[in-house]
Amino acid sequence: MDGAYGTLLSSHLEASSIIEQLNVRNPDLVLSVHQQYADAGADIIKTNTFGIFHSVFRRKLAVETGLDLTEAGARLLNNISGKREWLRTASFGPMTAGVWERSADEVNWISEFYQQAAERVLSAGIQVILLETFSDLLEMSIAIHAIRSVSSDVPLICQFTFQDGSVT
């Protein structure tokens with residue numbers, strides 16, 4: 001699996017920009033990173049979309065902008081060339097550090113965003129959705145249910161992060 005998009009792309013950012021904005025501001029750069037991973041033999045190529053979810057929740061990105069960036073990131077994977085097959089995988093990051101103290105309206109809003117993001121990436125040709133680096137089991141569950149409301153058969157990969165003192 002590929003990785004470290006933040007590290008590879010951060011040197012190409014303007015001040016206060018979000019790495020995932022490069023999906024529309026400099027798609028050739030993002031595509032070149034994807035292509036390098038494919039050429040190196042990666043079996044799973046991820047979208048440059050991980051941080052969108054947190055940025056939307058923190059209102060650093062508008063909802064529609066976040067969805068547009070997510071779809072743009074998914075569509076870039078369709079332009080990778082090569083002789084071998086790989087899995088086009090959407091990277092969905094966590095929106096919060098925990099949803100336990102969120103209101104029902106906030107939880108519904110979070111669920112709707114994951115659902116809309118899933119609709120966008122699946123219509124753009126994504127084969128797998130990666131729920132990446134979650135620390136809250138409840139938010140992971142909300143994301144899974146939202147994605148499953150769109151597709152009952154898209155493969156999901158769920159990854160957690162555990163830290164000292166964590167109650168995950």
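I counted two rings of Phe, Tyr or Trp (its six-membered ring) as a pair if their centres lie within 6.5 Å, calling planes under 30 degrees apart stacked, over 60 edge-to-face and the rest tilted. By this rule I find 6 aromatic pairs.

**Conventions.** The model is predicted, so I note that local features need pLDDT of at least 70 and side-chain atom pairs count only at pLDDT 80 or more, while totals for chains, interfaces and linings use all residues. Residues are numbered from 1 along each chain as its sequence is written, and side-chain values use heavy atoms, with hydrogens and water left out.

**Aromatic residues.** I looked up Phe53 and Tyr114, whose rings are stacked, at 5.4 Å centre to centre and 15° between the planes. Phe53 belongs to helix H4 (residues 52–57) and Tyr114 to helix H6 (residues 104–123), so this pair ties together parts that are 61 residues apart in sequence. Helices (H or I, at least four residues) and strands (E, at least two) are DSSP runs, numbered from the N terminus. I took buried to mean under 20% relative accessible area, exposed over 50%, and partly exposed in between (1.4 Å probe, protein chains only). Phe53 is buried at 0% relative accessibility, and Tyr114 is buried at 0% as well. I also recorded one aromatic cluster, formed by Phe53, Phe92, Phe113, Tyr114 and Phe134.

**Strand E3.** Which strands pair with E3? I recorded pairing where DSSP finds at least two bridges between two strands. Strand E2 (residues 87–92) runs parallel to E3 and is joined to it by 4 bridges; Ser91 has Leu130 as its bridge partner in E3. From E2 the chain crosses through H6 to E3, and this β-α-β crossover is right-handed (with the strands pointing away from the viewer, the path from the first strand over the helix to the second runs clockwise). Strand E4 (residues 156–160) also pairs with E3 in the parallel sense, over 4 bridges, and Leu131 has Cys158 as its bridge partner in E4. The chain passes from E3 through helix H7 (residues 137–148) to E4 in a right-handed β-α-β crossover. Of the 7 residues of E3 (residues 128–134), 6 are buried, so the strand is largely enclosed by the rest of the structure.
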